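Me: I would like to learn how to read the contacts in a model such as this one. Please give the general rule each time, then the case at hand.

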Amino acid sequence: QVQLVESGGGSVQAGGSLRLSCAASRYTFSSHCMAWFRQAPGKEREAVASIYTGGVLPYYADSVKGRFTISQSSAKDTVYLQMNSLKPEDSAMYYCAAVWTPAVRLGICAAWDRYTDWGQGTQVTVSS
């Protein structure tokens with residue numbers, strides 16, 4: 001069973017930074033859409049950012065644009081979410097997700113129902 005493992009969550013004050021990491025246990029992100037989602041208590045899960053292998057087609061939710069950066073390691077085995085200028089409203093459980101995507105086209109990594117592989121989540125708490 002494919003497993004994605006997130007790390008890097010924690011508690012920070014508003015204005016601080018965190019970097020989340022996500023590694024797959026059985027494959028590298030060689031031809032994949034990769035994304036970060038988050039879910040706060042009582043709210044629906046929302047997509048935060050996505051990217052295709054090699055850094056192609058980055059997408060960011062309006063709420064994080066200019067503050068968060070999604071990227072992939074050069075070894076293609078880890079996907080990151082660098083989060084700067086954190087706000088209390090960024091507090092949530094953050095999930096990494098991926099889906100094998102042999103052919104990339106515009107918008108495909110923002111088709112959120114396609115994601116098949118998920119991590120267990122890492123908690124981010126931002127205090128004011």
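Reply: Start with accessibility: buried means under 20% relative accessible area, exposed means over 50%, and partly exposed lies in between, with a 1.4 Å probe and protein chains only. This is a predicted model, in which local features need pLDDT of at least 70, side-chain atom pairs count only at pLDDT 80 or more, and totals for chains, interfaces and linings use all residues. Residues are numbered from 1 along each chain as its sequence is written, and side-chain values use heavy atoms, with hydrogens and water left out.

Me: Is Trp112 buried, exposed or partly exposed?
Reply: Trp112 has a relative accessible area of 26%, so this residue is partly exposed. Phe37, at 3% relative accessibility, counts as buried.

Me: How many aromatic pairs are there?
Reply: The rule takes rings of Phe, Tyr and Trp (for Trp, the six-membered ring) and pairs them if their centres lie within 6.5 Å; planes under 30 degrees apart count as stacked, over 60 as edge-to-face, and the rest as tilted. By this rule there are six aromatic pairs. In one of them, Phe37 and Trp112, the ring centres are 5.5 Å apart and the planes stand at 80°, so the pair is edge-to-face.

Me: Which parts of the chain does the pair of Phe37 and Trp112 tie together?
Reply: Strands here are DSSP runs of E with at least two residues, and helices are runs of H or I with at least four; both are numbered from the N terminus. Phe37 lies in strand 4 (residues 32-39), whereas Trp112 lies in the loop between strand 9 (92-100) and strand 10 (117-118), so the pair ties together parts that are 75 residues apart in sequence. Both rings also belong to one aromatic cluster, formed by Phe37, Tyr59, Trp112, Tyr115 and Trp118.

Me: Which charged end sits over the ring of Phe37?
Reply: A charge sits over a ring if NZ of Lys or CZ of Arg is within 6 Å of the ring centre and within 35 degrees of the ring normal. Over Phe37 sits the charged end of Arg45, 5.3 Å from the ring centre. Another case is Arg19, whose charged end is over the ring of Tyr80 at 4.1 Å from its centre.

Me: How many disulfides does a search of the whole structure find?
Reply: A disulfide is a pair of cysteine sulfur atoms within 2.5 Å. The search finds two. In Cys22 and Cys96 the sulfur atoms are 2.0 Å apart. Cys22 lies in strand 3 (residues 18-24) and Cys96 in strand 9, so this bond ties together parts that are 74 residues apart in sequence. Cys22 counts as buried at 0% relative accessibility, and Cys96 likewise counts as buried at 0%.

Me: What about Cys33 and Cys109?
Reply: Their sulfur atoms are 2.1 Å apart, and they form a disulfide. Cys33 lies in strand 4 and Cys109 in the loop between strand 9 and strand 10, so the pair ties together parts that are 76 residues apart in sequence. Cys33 and Cys109 are buried.

Me: What are the handedness and the pairing order?
Reply: The torsion about the S-S bond of Cys22 and Cys96 is about -75°, so that disulfide is left-handed. For Cys33 and Cys109 the torsion is also about -75°, so their disulfide is left-handed. With the bonded cysteines of the protein numbered in sequence order, the pairing is 1-3, 2-4.

Me: Which residue stands opposite Cys22 in strand 8?
Reply: Two strands pair if DSSP finds at least two bridges between them. Strand 3 and strand 8 run antiparallel and are joined by six bridges, with Cys22 opposite Val79. Strand 7 (residues 68-72) also pairs with strand 8 in the antiparallel sense, over five bridges, and there Gln72 stands opposite Val79. Strand 8 (residues 78-83) is mostly covered, with five of its six residues buried.

Me: Which residue takes a positive phi in the hairpin of strand 7 and strand 8?
Reply: Lys76 does, near 65°, in a hairpin that has five residues between the strands. Strand 5 and strand 6 form a hairpin with three residues between them, where Gly54 in the turn has a positive phi of about 90°.
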